[in-house]
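Trainee: May we go through this structure together? I would like to ask about one part at a time.

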Amino acid sequence: MNHEFTYQRDRMVRLVEGRGVSDARVLEAMRSIPRHLFVPEHMRAQAYGDHALPIGAKQTISQPYVVARMTELLKVEGGHSVLEVGTGSGYQTAILSRLARRVFSLERISDLAHDAIDRMRQLGLENVKIQAFDGTVGWSDMAPFDRILVTAGAPKAPQPLIDQLRPGGRLLIPEGGRHEQRLVVYRKLRQGVRRSAGEAVMFVPLLGRHGWEKEQ
Ligand code: SAM
């Protein structure tokens with residue numbers, strides 16, 4: 001099944017490479033995950049274009065370049081335990097599963113979480129655990145995490161996520177307004193955190209106790 005769309009997948013990877021993503025492990029992970037299995041069946045032909053696509057419940061699978069760039073910025077290592085907030089289709093989750101030791105992912109919409117769990121099973125990605133609940137509170141039972149990735153836009157980084165980061169760890173989150181954010185990296189130091197803001201992005205809102213209260 002992974003041999004389907006091989007040509008399109010290679011072309012997608014060359015495209016994100018052309019846009020400046022150079023981490024070989026990230027590019028290899030993107031070459032290995034069949035993105036067409038993460039979009040609605042009638043959209044499979046569009047799965048390898050460099051754009052976001054609707055996945056139902058008013059949510060989207062992120063653009064390949066953004067997935068690649070965020071994964072690169074996260075600097076995931078083989079021994080890491082990673083928390084992802086915003087499973088969506090599970091595509092980003094699958095990419096992380098190829099790079100980390102364990103991936104924990106939270107999605108507030110149960111239907112999306114269940115579909116993503118099925119996809120992980122179908123692809124045999126056994127180091128992933130997905131649950132349906134508000135990810136802005138983190139996953140304290142599984143903390144601390146070496147890396148945390150938020151894939152929805154927040155007014156600011158939820159404090160519970162910063163608290164659940166291991167010292168030396170990194171949190172990456174689109175931070176800003178409802179319609180445009182910046183990719184912000186938090187690095188947890190021995191004392192305090194260091195924040196650095198990078199490129200502009202557009203994500204659906206992070207809704208929840210420590211995110212936006214309402215959709216609009
Ligand atoms: N990375 C995903 C992918 O590859 O398909 C795309 C994620 S989509 C842009 C953002 C997701 O975050 C949506 O599925 C949305 O339901 C979810 N989300 C929003 N607020 C959340 C919260 N508080 N906890 C967990 N998930 C949340």
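This is a predicted model: local features need pLDDT of at least 70, side-chain atom pairs count only at pLDDT 80 or more; totals for chains, interfaces and linings use all residues.

Trainee: Which strands pair here, and in which sense?

Mentor: Strand β8, residues 181-188, pairs with strand β9, residues 193-201, in the antiparallel sense. Seven bridges join the two strands.

Trainee: How many residues lie between β8 and β9?

Mentor: There are four residues between them, and the two strands form a hairpin. In the turn, G192 has a positive phi of about 80 degrees.

Trainee: Which residue has a positive phi although it is not a glycine?

Mentor: That is K58, with a phi of about 60 degrees. Most residues other than glycine have a negative phi. K58 is found in the loop between β1 (53-56) and β2.

Trainee: And which peptide bond is cis?

Mentor: The bond from A143 to P144 is cis, its omega being near 0 degrees. P144 belongs to the loop that runs between β5 (128-131) and β6 (145-150).

Trainee: Changing topic: which residues come nearest to the ligand?

Mentor: There are 29 residues around the ligand, and the nearest are S89, E107, D134, G135 and L207.

Trainee: What are the distances for S89 and D134?

Mentor: An N or O atom in the side chain of S89 is 2.6 Å from an oxygen atom of the ligand. For D134, an N or O atom of the side chain is 2.9 Å from a nitrogen atom of the ligand.

Trainee: What about L207: is it the backbone or the side chain?

Mentor: For L207 it is a backbone N or O atom, which lies 2.6 Å from a ligand nitrogen. The ligand taken alone exposes 600 Å², of which the protein buries 99%.

Trainee: How much space lies in the largest pocket?

Mentor: The largest pocket holds about 560 Å³ of space. It is lined by 37 residues, and T60, S62, T151, F203 and V204 are the closest to its centre. By class, the lining has 20 nonpolar, 13 polar and four charged residues.

Trainee: And the second largest pocket: what lines it?

Mentor: About 220 Å³ of space lies in that pocket. Its lining includes K58, R178, F203, V204 and L207. By class, the lining divides into five nonpolar, four polar and three charged residues.

Definitions and conventions:
Residues are numbered from 1 along each chain as its sequence is written. Side-chain values use heavy atoms; hydrogens and water are left out. On a 1 Å grid over the protein atoms alone, a cavity is a set of points where a 1.4 Å probe fits but cannot get out, and a pocket is an open set with protein on both sides within 12 Å along at least five of seven lines; lining residues have an atom within 4 Å of a point. Grid points are joined across faces, edges and corners, and a volume is the space filled by probe spheres set on the points. Ala, Val, Leu, Ile, Met, Phe, Trp, Tyr, Cys and Pro count as nonpolar, Asp, Glu, Lys and Arg as charged, and the others, Gly among them, as polar. Two strands pair if DSSP finds at least two bridges between them. A residue is near a molecule or strand if one of its heavy atoms lies within 4 Å of it. A polar contact is a pair of N or O atoms within 3.5 Å; within protein, one must be able to donate a hydrogen and the other to accept it, and residues adjacent in sequence count only if both atoms are side-chain atoms. Accessible areas come from the Shrake-Rupley method with a 1.4 Å probe; for residues, only the protein chains shown count as cover.
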